[in-house]
Amino acid sequence: MRSLIYNKYGGPDVLEVADVEKPEPDENSVLVRLKASSVNPVDYKIRRGDMKIMSGKKFPKNAGSDFAGVIEKAGEMVAGYKKGDEVYGFLNPMKGGAYSDYIIADPANISLKPEKFSFEQAASMPVAALTALQALNYLGNVDEGTTVLVNGATGGVGSFAVQLAKGMGAEVAGVCSKDNMKLCKDLGADEVFDYSSEELIRSDRKFDVFFDAAAKSTFSTSRKFLNNRGIYVTTIPGFWVLFNRLFNFFPFKKRSKFIMVKSSGIDLTILTGFAMTDIVKPVIATSFKLEDVADAQVLAESGKFRGKIVIKID
Ligand SMILES: NC(=O)c1ccc[n+]([C@@H]2O[C@H](COP(=O)([O-])OP(=O)(O)OC[C@H]3O[C@@H](n4cnc5c(N)ncnc54)[C@H](OP(=O)(O)O)[C@@H]3O)[C@@H](O)[C@H]2O)c1
């Protein structure tokens, strides 16, 4: 079978399609024939070597984390899934492997894909939409009437965050580039701010939750946008966020937290529910073939796209 691998850290040209042995599931896992994957910043950050401390020096490495496909074989002890089920999920990005024809998945980390979505749409969701869901729900405690600011509201994580926060009953403001303001409104944001203008900075607007989906702010510059007991959640922690976490006995009135997305079949099932009730619909920028993942990552690194870039595997 085909699998995208790389033998050293570097630019997109280190990626190569290898012919590798098809994996065999054990009694507790499932073999999934993949139909689609997508690109997340973590995939190219690992490839570039930005996360060497965690990804290590062992090569070859497998690439890709998000996946959607069809179960080809379920281990004898697997309950709840069978051959032919259409599923989606994500693999540990440090190990990768989703830019392949087949993967082995843990049934606890997958869910049935939303029936109304194509494999490409489903594969665009796991990392980005789970990050948004877990950040808003478990860290931000977003509920009916919560006021939420989403920074980077039309990117992979942000586009899901705006829709999910609206679905949870929040009042949502989005921050994005001028070109993407209409899309942000279409996603459901009640208010939209252009990050290159001073409008938000000059305003005295305050929110219950500031979710920095794009990781472009710091807690110290963002706390002025928080209500008294407001929560700042970021996807990449800076010093004060880590400090706050380590010394969380400190009686900060405004709290900062960071999200580390966790693979979870239960949370994916919640996402499937949001998808089936039309609360969430992925924004697909464009799609590439498995052989062209390098080009897909070049586009992803350029930032010149909206929503998600998907990979078709066939
Ligand atoms: N900790 C975790 O578990 C976790 C999980 C997922 C992602 N992440 C991290 O989260 C970040 C975002 O991921 P993503 O998939 O959403 O990336 P993405 O799809 O590349 O989106 C990035 C977004 O940043 C926006 N942006 C650029 N400059 C900005 C600025 N100055 N102010 C506000 N927004 C700005 C862009 O908006 P325009 O296009 O409008 O310019 C774009 O929407 C990445 O660093 C990723 O590694 C972390």
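By class, the residues in the shell around the ligand are 15 nonpolar, twelve polar and one charged. The model is predicted.

Student: How many residues surround the ligand, and which are the closest?

Tutor: The shell around the ligand consists of 28 residues. The closest of these are Gly-155, Gly-156, Ser-177, Ala-214 and Thr-235.

Student: From which domains does the shell around the ligand draw at least three residues each?

Tutor: The domain assignment of the protein chain gives domain 1 (2-125 + 282-312) and domain 2 (128-258). At least three residues of the shell come from each of domain 1 and domain 2.

Student: How far apart do the C-alpha centres of domain 1 and domain 2 lie?

Tutor: The contact between the domains takes seven residues from domain 2 and six from domain 1. On the side of domain 1 that touches domain 2, the residues divide into two nonpolar, two polar and two charged. The C-alpha centres of the domains are separated by 28 Å.

Student: What is the order of the six strands in the open sheet with parallel pairing?

Tutor: The edge strands are strand 11 (191-194) and strand 14 (255-258), and each pairs on one side only. From one strand to the next, the twist averages 20 degrees. The order is 11-10-9-12-13-14.

Student: In strand 13, what is the bridge partner of Asp-212?

Tutor: Strand 12 (residues 207-212) and strand 13 (residues 226-234) run parallel and are joined by five bridges. Phe-210 has Tyr-232 as its bridge partner in strand 13. For Asp-212, the partner in strand 13 is Thr-234.

Student: Which residue in strand 14 does Thr-234 stand opposite?

Tutor: Strand 13 pairs with strand 14 in the parallel sense, over four bridges. In strand 14, the residue opposite Thr-234 is Phe-258.

Student: At about what angle does helix 9 run to strand 14?

Tutor: Helix 9 (residues 239-246) lies across two strands, strand 13 and strand 14. Relative to strand 14, helix 9 runs at about 100 degrees.

Student: Why is helix 4 described as roughly perpendicular to helix 10?

Tutor: Helix 4 (residues 126-139) packs against helix 10 (residues 265-276) with the axes 10 Å apart and at an angle of about 90 degrees. Angles of 65 to 115 degrees count as roughly perpendicular, so helix 4 is roughly perpendicular to helix 10.

Student: Which residues of helix 10 make the contact with helix 4?

Tutor: The residues of this contact divide into seven nonpolar, one polar and one charged. Helix 4 brings Pro-126, Ala-129, Leu-130, Leu-133 and Gln-134. Helix 10 brings Asp-267, Leu-268, Ile-270 and Leu-271.

Student: Why is one side of strand 2 and of strand 4 left without a neighbour in the sheet?

Tutor: These strands belong to an open sheet of three strands, with antiparallel pairing and the order 2-1-4. Strand 2 (16-19) and strand 4 (61-62) stand at the edges, so each has a single partner strand.

Student: In strand 2, what is the bridge partner of Ile-5?

Tutor: Strand 1 (residues 2-6) and strand 2 run antiparallel, joined by four bridges. The partner of Ile-5 in strand 2 is Glu-16.

Conventions: Residues numbered from 1 in each chain as written. Predicted model: local features only at pLDDT ≥ 70, side-chain atom pairs only at ≥ 80, totals over all residues. Axes fitted to C-alpha atoms, helices over the stretch in contact; angles between N-to-C directions. Parallel < 35°, antiparallel > 145°, perpendicular 65-115°, else oblique. Nonpolar A, V, L, I, M, F, W, Y, C, P; charged D, E, K, R; others polar. Pairing = 2+ DSSP bridges. Near = placed C-beta within 6 Å. Domains from an automatic or database assignment.
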